[in-house]
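Please work through the following exercises with the sequence and the coordinates at hand. Each task is followed by a solution in steps.

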Amino acid sequence: MRKINNLLLLTIALMTITSISSQAQKVELTLNLEKGKEYRQVTNSKATIIQDIYGQKMNIVMTIKGGMSYKVVSVNPSDYDLEVKYESLSMITEMAQMKMEFSSDKNDEQDILSTLLSKMIGNTFNVKMAKNGKILEVKDIELQIESLFEDFTNIPENQLAQFKSQITEAYGAEAFKGSIQMVTAIFPDNPVNNGDKWTINTNLESQMALSMTTEYEFTDLGSNYAMIKGNSVIETEDKDAYIESNGMTMKYDMTGSMISEIKVDKETGWIIEANINQEIKGDAYMKGNSQMPNGMKIPMIMNNEMTITNE
């Protein structure tokens, strides 16, 4: 009997030691990319924008899809130099009784926006990305956008300027940096245990400048993946700053939240799959002009559902 009890105590002790050892084994969540390799990212986004203009609700639904590849040119001590290119781009805008579709796959010279998207495919620009996923630098993308318009000599100057503004707002350096960092700048500074949490601050630049504070949590470790979940608080970076958007001078007072579930490759840290739900609401203010001296306040709600995969 004593031998059985001793054996039982030894088994319990070994199980306890194994359990403690397993809990203490921290995981380093970071990017570990290989020089010369290409990594892909495919994004599907559906954004619903509800605006209240003079008491009338206006709904706009935008569906945006895009495929990108990132080639690792050099591996540095704390970051990577990447060559990035778009592989496919498309967008659908639906409002009232109108539906507009644009795609880089279209072959229609009369469809100017689709032609611009097709001209963006395959052109590389340079990105420096830290090993924690933050975008440190984006180079040459504005020059590429400018070159898209060299052949459009028959388009009126004001219309050309509007197209340039739309493309830059959607795909310029700041827009690229903000949208990509939202799902890559997610890693902690130190190794973590399952259940550990950390906070990361990110700036999102598109039509408006937003700041995002996210609490991430390491929730699961599988045979080939790590799961990270995020809970974000979003707000306008500068509520008094006016910006030019589509020929209008606007400022924004917005707040919101975002929930993200991101599965990354355990070895490389690259995204396998991400699901993101974002809600932002508040007011947009149009600055007064000769046609509207008192300006206009536009209450609005924006909901965005996004999925990202590596294929």
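**Exercise 1. Aromatic pairs**

Determine how many aromatic pairs this predicted model holds, and describe the geometry of the pair formed by Tyr 39 and Trp 270.

Solution.
1. The count is six aromatic pairs.
2. In the pair of Tyr 39 and Trp 270, the ring centres are 5.5 Å apart and the planes form an angle of 45 degrees. Planes under 30 degrees apart count as stacked and those over 60 as edge-to-face, so this pair is classed as tilted.
3. Tyr 39 belongs to strand β1, while Trp 270 is in the loop between β11 (248–265) and β12; the two are 231 residues apart, and the pair links distant parts of the chain.
4. Tyr 39 has a relative accessibility of 7% and counts as buried. Trp 270 is likewise buried, at 6%.
5. Trp 270 also pairs with Tyr 70, with 5.2 Å between centres and 65 degrees between planes, an edge-to-face arrangement. Tyr 70 lies in strand β2 (residues 56–75), 200 residues from Trp 270. The relative accessible area of Tyr 70 is 1%, so this residue is buried.
6. A further group, made up of Tyr 86, Phe 125, Tyr 171 and Phe 176, forms one aromatic cluster.

**Exercise 2. Charges over rings**

Identify the ring over which Lys 251 lies and the ring over which the charged end of Lys 287 sits.

Solution.
1. Lys 251 is placed over the face of Tyr 285, 5.5 Å from the ring centre.
2. For Lys 287, the ring is that of Tyr 242, and the distance to its centre is 5.1 Å.

**Exercise 3. Salt bridges**

State how many salt bridges are counted, and examine where the partners Arg 40 and Glu 87 lie.

Solution.
1. The total is 11 salt bridges.
2. Between Arg 40 and Glu 87, the closest N and O atoms are 2.6 Å apart. Arg 40 is in strand β1 (residues 38–53) and Glu 87 in strand β3 (residues 79–95), so the bridge ties together parts 47 residues apart in sequence.
3. Both partners are partly exposed: Arg 40 at 32% relative accessibility and Glu 87 at 30%.
4. Glu 146 and Lys 164 form another bridge, with a closest N to O distance of 3.0 Å. This pair links helix α3 (residues 141–147) with helix α4 (residues 157–171), across 18 residues. Glu 146 is partly exposed at 46%, as is Lys 164 at 24%.
5. Lys 57 bridges to Asp 52 at 3.5 Å; Lys 57 is exposed, with a relative accessible area of 60%.
6. Asp 79, Asp 81 and Lys 128 are joined in a network of salt bridges.

**Exercise 4. Helix α2**

Is helix α2 mostly covered or mostly uncovered, and against which elements do its buried residues pack?

Solution.
1. Helix α2 spans residues 112–120 and is mostly covered, with seven of its nine residues buried.
2. Among the buried residues are Ile 112, Leu 116 and Met 120.
3. The buried residues pack against β3, β4 (98–103) and α4.
4. Gly 122 follows α2 and has a positive phi, near 90 degrees.

**Exercise 5. Asp 283**

Is Asp 283 buried or exposed, and which residues does it touch?

Solution.
1. Asp 283 is in strand β12.
2. Its relative accessibility is 17%; the limit for buried is under 20%, so Asp 283 counts as buried.
3. Not counting residues up to four places away in sequence, Asp 283 touches several residues, including Lys 251, Tyr 252 and Ile 298.

Technical notes: Residues are numbered from 1 along each chain as its sequence is written. This is a predicted model: local features need pLDDT of at least 70, side-chain atom pairs count only at pLDDT 80 or more; totals for chains, interfaces and linings use all residues. Side-chain values use heavy atoms; hydrogens and water are left out. A salt bridge is a side-chain nitrogen of Lys or Arg within 4 Å of a carboxyl oxygen of Asp or Glu. Helices (H or I, at least four residues) and strands (E, at least two) are DSSP runs, numbered from the N terminus. Buried means under 20% relative accessible area, exposed over 50%, partly exposed in between (1.4 Å probe, protein chains only). Contact means heavy atoms within 4.5 Å. Rings of Phe, Tyr and Trp (its six-membered ring) pair if their centres lie within 6.5 Å; planes under 30 degrees apart count as stacked, over 60 as edge-to-face and the rest as tilted. A charge sits over a ring if NZ of Lys or CZ of Arg is within 6 Å of the ring centre and within 35 degrees of the ring normal.
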